[in-house]
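Please look through the model below and work through the questions that follow.

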Amino acid sequence: MGLIKNMQDDGLAGLDHNVITAPLEKLVNWSRARSSWPATFGLACCAIEMMATGGSHYDIARLGMEVFRASPRQADVMIVAGRVSQKMAPVLRQIYDQMMEPKWVISMGVCASSGGMFNNYAIVQGVDQIVPVDVYAPGCPPGPETLIHAIDTLHRQIETGELLRRRSETGAGANIVIEQRDGQGEPKLVSLGRDS
């Protein structure tokens, strides 16, 4: 009843933002967040967890991401899952460059984010040296729950439009580090019940 009274008094100005009266930019960002298709870049054990996320148990179809694209021209989110070698870095950049704008990057796991345990000349010490990273998903490997949290975080950032503004101004990603959601964490000392 209040909606009808507001419309009678103020016309369309009495409506809150909805599909008819929302600014076009908000509608575009809303649709981008709900129809993002990932370009898979699975390189190591993190790729197994990424594949598990795409399975029926976790059902990322509800996030609009059920279609993992093999073609970068049909994708707008790159999930870098695993360590990136120096030989693979130019390939990663080429696939990123072939993706359609706007595009976003999720760095999955400590190896992709910082080189992980592979502190040597053959492994890139952070994929952010190759592509601008928007969301970092920590873990070794991060489970599907953490990847879904990273995807949800990315979707919320896409909806605000902040990522596009930052990318146009600085050329860098958002660099958002999320917390782990899959029960992994700091190792705990387990007592065996014996005096040492």
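Q: Which residues have the most contacts inside the largest nonpolar core?
A: A nonpolar core is a set of buried Ala, Val, Leu, Ile, Met, Phe, Trp, Tyr and Cys residues joined through side-chain atoms within 4.5 Å. Buried means under 20% relative accessible area, exposed over 50%, and partly exposed in between, with a 1.4 Å probe and protein chains only. The largest such core has 24 residues, and those with the most contacts inside it are Val-77, Ile-79, Ile-106, Met-108, Leu-147 and Leu-154.

Q: Which element supplies the largest share of this core?
A: Helices (H or I, at least four residues) and strands (E, at least two) are DSSP runs, numbered from the N terminus. H3, S2, S3, strand S4 (135–137) and helix H6 (144–160) each supply at least two residues of the core. The largest share, six residues, comes from H6.

A short note on the model comes next. This is a predicted model, in which local features need pLDDT of at least 70 and side-chain atom pairs count only at pLDDT 80 or more, while totals for chains, interfaces and linings use all residues. Residues are numbered from 1 along each chain as its sequence is written, and side-chain values use heavy atoms, with hydrogens and water left out.

Q: Which residues does Leu-147 touch, not counting residues up to four places away in sequence?
A: Contact means heavy atoms within 4.5 Å. Leaving out residues up to four places away in sequence, Leu-147 touches Met-50, Thr-53, Ile-79, Ile-106 and Met-108.

Q: Where do the buried residues of H4 lie around the helix, and what do they pack against?
A: The buried residues of helix H4 (residues 89–98) are Ala-89, Leu-92 and Tyr-96. Seen down the axis of H4, they fall within an arc of 60°, so they line one face of the helix; the arc is that of the directions from the helix axis to the C-beta atoms. They pack against strand S1 (38–42), strand S2 (77–81), strand S3 (104–108) and helix H7 (162–170).

Q: Is Ser-107 buried or exposed?
A: Ser-107 lies in strand S3. Its contacts include Val-80, Val-127 and Tyr-136. Because its relative accessibility is 0%, Ser-107 counts as buried.

Q: How many disulfides are there?
A: A disulfide is a pair of cysteine sulfur atoms within 2.5 Å. Cys-45 is in no disulfide, and the nearest cysteine sulfur, that of Cys-46, is 5.0 Å away. Cys-140 is in no disulfide either, with the nearest cysteine sulfur, that of Cys-111, 5.5 Å away. By this rule the number of disulfides is zero.
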